Amino acid sequence: LPAFRDSKLFIKDLHFDEVPVRIYLPRVPSASKRRGVIFFHGGCGMFGSIRCYERICRYIARKSDSVVVSVGYRLSPERKYPAQTLDCLTATVHFLKTAGNYGVDPGRIIVCGDSAGGTFTATVCQELVNRRDIPKIRAQVLIYPFLQALNFNLPSHQKNAFTAFLSRERAVHFILKYLSKDCSMKEAVLAGSHVPESMNLKYSKWINPELIPEVFKVGYKPPLPTSFLPQVHKETKELLKTRLSPLLAEDAVVCRLPDTCIITCQHDVLRDEGLLYKQRLEDNNVKVTWCHVEEGFH
């Protein structure tokens, strides 16, 4: 939808350091500075737009009486990865620095996103933990986020492998397309052949079916062993970097993350990634609010 008149909101299209944004400001004056919400839309980094999320952002702004900034990051493949993450990072830093210009308290800004937008949210928060020149992000909201590309054989991957809209196979296909990689490597990545044994051992403390609560593991069957394919690993190394797989970040980073809200859905292939990140955050003494939608899907 285009930006159009709203009886309760001022809506403006702007640029934050050349990144397109749409900002939603409540019309009613506030006695104190408002909260701010930075929103990153989903779509695997290849789909979606500010216009697609118009209704959602207006709803958030009205119901929470907050100033919402919807970020129109540039899409792949026209803009190669990691342009999407960098755009989100640029817009976030700009808003944190200029929040006062929009009547926002810089100490009360959250970052929020769904699906790939949840990935960008997690990554932006991780990349800003060491910044001392800007206000700290107050909280992050991850709505069924994609958080790791190490293991595509977790219980939710098996249980929801053929769920409509985002199947297990389609998820990996989209990730490879997003990175401009050869999609013929899809089966190897699904099997886990892109991960060397040393890396599997290192990260098994964080990405492991054993860490998933039993209630979510009904019918789960451990996958058969697979052979490591060095060439596939070489071609897909970005899959195992924290910018794409924030679940792989070290504890020294995770322990400094802001308060977090994670939303997972029962019938979502990505469900367990949210559960594992919840566990990691809690293990590092980060306050987590978890909302699980029993009948929900991606």
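**Cavity and pocket**

A: The largest cavity has a volume of about 170 Å³, and please keep in mind that this is a predicted model.

Q: How many cavities of 30 Å³ or more does a search of the whole structure find?

A: Searching the whole structure turns up 1 cavity of 30 Å³ or more.

Q: Which residues are closest to the centre of the largest cavity?

A: The largest cavity is lined by 13 residues, and those closest to its centre are Cys 44, Ala 116, Thr 119, Phe 146 and Ile 175.

Q: And which elements give two or more residues to that lining?

A: Two or more lining residues come from helix H3, which spans 116-127, and likewise from helix H5, which spans 168-178; H5 gives the most, with 4 residues.

Q: What is the lining of the largest cavity like by class?

A: The cavity lining holds 11 nonpolar residues and 2 polar ones, with no charged residues.

Q: OK, switching to pockets: what volume does the largest pocket have?

A: The largest pocket has a volume of about 620 Å³, and among the 26 residues that line this pocket, Asn 151, Asn 153, Asn 200, Pro 223 and Leu 224 lie nearest its centre.

Q: Which helices give two or more residues to the lining there?

A: For the largest pocket, the elements that give two or more lining residues are helix H6 (186-191) and helix H7 (197-203).

Q: How do the residues of that pocket lining divide by class?

A: In the lining of the largest pocket, 15 residues are nonpolar, 9 are polar and 2 are charged.

Key: Residues numbered from 1 in each chain as written. Predicted model: local features only at pLDDT ≥ 70, side-chain atom pairs only at ≥ 80, totals over all residues. Heavy atoms only, no water. 1 Å grid on protein atoms, 1.4 Å probe; cavity = no way out; pocket = protein on both sides within 12 Å on 5 of 7 lines; lining within 4 Å. Points joined across faces, edges and corners; volume = space filled by probe spheres on them. Nonpolar A, V, L, I, M, F, W, Y, C, P; charged D, E, K, R; others polar.
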